[in-house]
Amino acid sequence: MAMETTNHPPLLTPYEMGEFELEHRVVLAPLTRQRSYGNVPQPHAAVYYSQRATRGGLLITEATGVSDTAQGYTDTPGVWTPHHVAAWRPIVDAVHAKGAVFFCQLWHVGRVSTTAFQPGGAAPISSTDRGVTPQVSHDGHVEEFSPPRRLEPREIPSVVDDFRKAARNAIDAGFDGVEFLKDSANDRDDEYGGSLHNRCRFALEVVRAVAAEVGARRVGVRLSPFTDYMDCHDSDPEALAGYMVEKLSELGVLYCHMIEPRMAIVDGRRQIPHRLRPFREKFRGTFIAAGGYDRAEGNKVVEEGYTDLVSYGRLFLANPDLPRRFRLPDADAPLNKYDRNTFYTSDPVVGYTDYPFLHDDDGADK
């Protein structure tokens, strides 16, 4: 839908995303928070998400496991059992009570795991048997991973079905739709590896299965073609992403959510590379851009038609009323600074639901 001419900044203009009437274009990005004890969503998540919910706003959950083999981090949520579905319902209800649209991001961590997270202490399953090299976190902690087990071709349909069943569970929990994250390492030489077509086969099988289960207009896909996180990279990311985007467009999925390459330092300032335009031009549905955007840059790319919506991570984490702050002049809407040290702590309040809102003179939050 073309942007309407209003007195609002571009990020705060309405947008029709399929059947969903959005009142602004500021999206809550999926953010792993590790507060789902025992992989079960908790009541404090209802506070966290509803704090960030606004009428006609789009929120995407933290990455949510599709099966008991999908886990690789402590206390990330799941949606593969009836217990998970029941736990998600009041969280979804709290978001809907604020008038927001809520999508659940589905994931499988693949080889980014250890035997401690896997049922029966088994090896993590993956498209490869090459392990992830030890990774150093921001606080200097070294994370190590167990050697994975390469899935046989006959086993892959069961993983596809895990995504299908998880998507149905998410809809049963009340979510408006599902997003899944496509990011993998692939050195196979069978029908799931080698050529561009084969390397995308698994991801597209998942999309088709999920779309058949819940409807393509309730499905979004998040692509990160330029990432090198956890030893995931591609020799020709533009070709890989271009092929995927064309296929997703053909399948009629609701939106494509893409991450910019890492920001570059130019003349001492961080700059967003803005390399997503070719993919935006190939995709016929809603396009969401992510990757280090602030208010000014977000307004610019929406106004120019570079993207339809912009997703915000760390800024939205630290500013639960981010759309309201973006609506006000800079001098009236200072941004809270995020605390990286509390991104992944298990506390149900600290660094999670305790970031302050802007207040009116009468002390009321909006």
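The chain of this predicted model holds 10 helices and 17 strands.

**Exercise 1. The chain as a whole**

Find what share of the chain is buried, and what share of its contacts with a separation of 6 or more links residues 24 or more positions apart.

*Solution.* 
- Start with burial. The chain has 366 residues, and 54% of them are buried.
- Turn to contacts. Take those with a separation of 6 or more; 71% of them join residues 24 or more positions apart.

**Exercise 2. Strand E6**

Decide how far strand E6 (residues 101–107) is enclosed by the rest of the structure. Then sort its side chains by direction and identify its pairing with E4 and E5.

*Solution.* 
- Count the buried residues. In E6, 7 of the 7 residues are buried, so the strand is largely enclosed by the rest of the structure.
- Recall the rule. Side chains of a regular strand alternate between the two faces of the sheet.
- Apply it here. Val101, Phe103, Gln105 and Trp107 point one way. Phe102, Cys104 and Leu106 point the other way. Both sets are buried.
- Pair E6 with strand E4 (residues 58–60). The sense is parallel, over 3 bridges. Leu59 is opposite Phe102.
- Pair E6 with strand E5 (residues 64–65). This pairing is also parallel, over 2 bridges. Gly65 is opposite Trp107.

**Exercise 3. Cysteines**

Determine whether Cys104 and Cys256 are buried or exposed, and give the number of disulfides.

*Solution.* 
- Set the cut-off. Buried means under 20% relative accessible area.
- Check Cys104. Its relative accessible area is 0%, so Cys104 is buried.
- Check Cys256. Its relative accessibility is 0%, so Cys256 is buried too.
- Recall the bond. A disulfide links the sulfur atoms of two cysteines covalently.
- Apply the distance test. A pair of cysteine sulfur atoms must lie within 2.5 Å. The count comes to 0 disulfides.

**Exercise 4. Helix H8**

Describe helix H8 (residues 295–303) through its buried residues, its packing partners, its N-terminal cap and the residue that follows.

*Solution.* 
- List the buried residues. They are Arg295, Gly298, Asn299, Val301 and Val302.
- Find their partners. The buried residues of H8 pack against strand E17 (309–312) and helix H10 (322–327).
- Look at the N-terminal end. Asp294 caps H8 there. One of its side-chain oxygens lies 3.3 Å from the backbone nitrogen of Ala296.
- Look past the helix. Gly305 follows H8, and its phi is positive, near 80°.

Methods:
Residues are numbered from 1 along each chain as its sequence is written. This is a predicted model: local features need pLDDT of at least 70, side-chain atom pairs count only at pLDDT 80 or more; totals for chains, interfaces and linings use all residues. Side-chain values use heavy atoms; hydrogens and water are left out. Buried means under 20% relative accessible area, exposed over 50%, partly exposed in between (1.4 Å probe, protein chains only). Helices (H or I, at least four residues) and strands (E, at least two) are DSSP runs, numbered from the N terminus. Contact means heavy atoms within 4.5 Å. A polar contact is a pair of N or O atoms within 3.5 Å; within protein, one must be able to donate a hydrogen and the other to accept it, and residues adjacent in sequence count only if both atoms are side-chain atoms. Two strands pair if DSSP finds at least two bridges between them.
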